[in-house]
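We will take a short walk through the aromatic rings.

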Amino acid sequence: MSARIAIDDLRVGMFVHLDLGWWAHPFALSSFRLATADQIATIRGLGLTHVRWSPEKSALDPADEGVGVRKSAAAPDALGAGVSADDPRADAPRAEGPSDARVAGGPVVDASAVAAPAVASSAAAAPAVAATTAAAPAALVPAAEVPVAPAAPPDAVALAVGRPVAAPEKGSAPRDEAAAATGRGAGAPGRSVGRAHPVDANAAPDRRAHDRRTLLAAQREATRVCLRQYGEAAKSLKLTIDNVFSQPEAARQATEGLTRALIGKMMVDGELSIRVLADARADRASAHALNVALISMLMGRVFGFGEVEMLDVGVGALLHDVGKLELPERVRHPDARTPAADQLLYREHVVRGLAIGKRMGLSAGALVVIGQHHEMADGSGFPSQIGVDRMAAAARIVALVNRFDNLCDPALPAHALTPHEALSLIFAQTRAKFDASMLNAFIRMMGVYPPGSVVQLTDDRYALVTNVNSTRPLKPRVLVYDPQLPADEALQLNLEQYGDLGIRRSLRPEQLPDDALHYLSPQRRVIYFFEPAQGLRSDFGQEIAA
């Protein structure tokens, strides 16, 4: 049961409900337990006079309010909002996250700078962006002009991050790709190597068990928060798209509001993580639009985009396929079997999208993104066949991210490439179609093995990539297949803390043994979201790395 309470009567420990939608306030969730006086001050600044609260979910100090509710500590969650009491793990300890600070600077993109992304000379270097995965996803909408192509050579992407590639000796085992970058030899199969923090053998078993429970609770809570945030964002976007024709002005305001909310939660100091969500719920069109928008905005963050540029790239990416609403369903996602006449009709979605955007009153920058998201750097795109010198920076980003997402999630799931294969294919076979500096920055941001990639480690174990630090693209965080541990109790292993343990090669899901495939559960379709990078300790050592 919930009741209304005046804003001035709010107290730390109350479980409140903000009936505004996630995009209309700065908190991680719309329903949460107040943990600090600062959160109360923020709610008072929203202009509300009353909010709903749930006494039975609250944790007030009886001495403070004189109410007989359960007394417990209200710890902040991973994104700074209060702890949700909807979950039985609400009182579990949480991992600490980074503090907030805004990134300065505007976009100055040098198309010839392949080694690193260009940023405004007056701006501080943008924070590193990491990529994470919470395990796998629901269906997405792909842009269907993507042809099915064979995977590129496995070392193609490595060239983009400056790693030398040598031909393997005849009859040799697969090369240790991490060792190639560090100059160290591969570890022997079947053993754990390079532990940065060996476990104290005399540690009390109950202490180790407590540590594992603590880390597992934090890992699960971070996933729950992302799923709930994503659900609210997807619902908001779906309602917006449904109103594009009947209420174009209101649809514009809602799209800009959602984008501003994402900007506010994205432009923080420190690293962010791109997660792949297993149980996210969204229609295919909304999922694709959110994928492209989120990753494009993270790219804008890397390049030091200011708030106006971020708003343009976000709104433009969310609405880049809005013109498809005027097309018959049969031509919205063409493939090689689509008749030529329908292919031409499909291409009209760009011009139709521009017309819809103008009726909505979108900014010039957002309209450029819609109009150029199928243009290519070499002039081979459509509808205007312009080259990189005439494409806006935001449009160059969206064109690249749109292509990547389409390769991972085509209209026919059987044709889907893994994230690693998609990245390799773009670099090896079509890199001339994209801005060189942006392609290089994209690879560094997503990592050589993007979230959702299935890999084999240098000790021969199978794993699913769950987090990639952009400063160490060959040392991601992974979920390791361990037949002696239930999958829902597995902790992620940070390869960065295990010097000689790395990734040997990327695999397709069907190459996994059946038990490993069921355990890791890689998904054909990926749904991305983001969060502050979690500082989960990886010195819990032997149970994970052995």
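Start by selecting Tyr230, Phe529 and Phe530: ring pairs link these three into a cluster. Keep in mind as you look that this is a predicted model. Across the whole structure, a search finds five aromatic pairs, and one of them is Tyr230 with Phe529.

Zoom in on that pair. The ring centres of Tyr230 and Phe529 are 5.9 Å apart and the planes meet at 90°; because an angle over 60 degrees counts as edge-to-face, that is the name for this pair. Now colour by secondary structure to see where the two rings come from. Tyr230 belongs to helix α5 (residues 205-242), while Phe529 sits in strand β12 (residues 528-532). The pair thus links distant parts of the chain, 299 residues apart.

Next, select Phe404 and Phe442. This is an edge-to-face pair too, with 5.2 Å from centre to centre and 75° between the planes. Phe404 lies in helix α12 (residues 393-408) and Phe442 in helix α14 (residues 436-446), so the pair ties together parts that are 38 residues apart in sequence.

For the last stop, select Phe427 together with Arg431. Here a charged side chain meets a ring: Arg431 lies over the face of Phe427, 4.8 Å from the ring centre.

Terms used:
Residues are numbered from 1 along each chain as its sequence is written. This is a predicted model: local features need pLDDT of at least 70, side-chain atom pairs count only at pLDDT 80 or more; totals for chains, interfaces and linings use all residues. Side-chain values use heavy atoms; hydrogens and water are left out. Rings of Phe, Tyr and Trp (its six-membered ring) pair if their centres lie within 6.5 Å; planes under 30 degrees apart count as stacked, over 60 as edge-to-face and the rest as tilted. Helices (H or I, at least four residues) and strands (E, at least two) are DSSP runs, numbered from the N terminus. A charge sits over a ring if NZ of Lys or CZ of Arg is within 6 Å of the ring centre and within 35 degrees of the ring normal.
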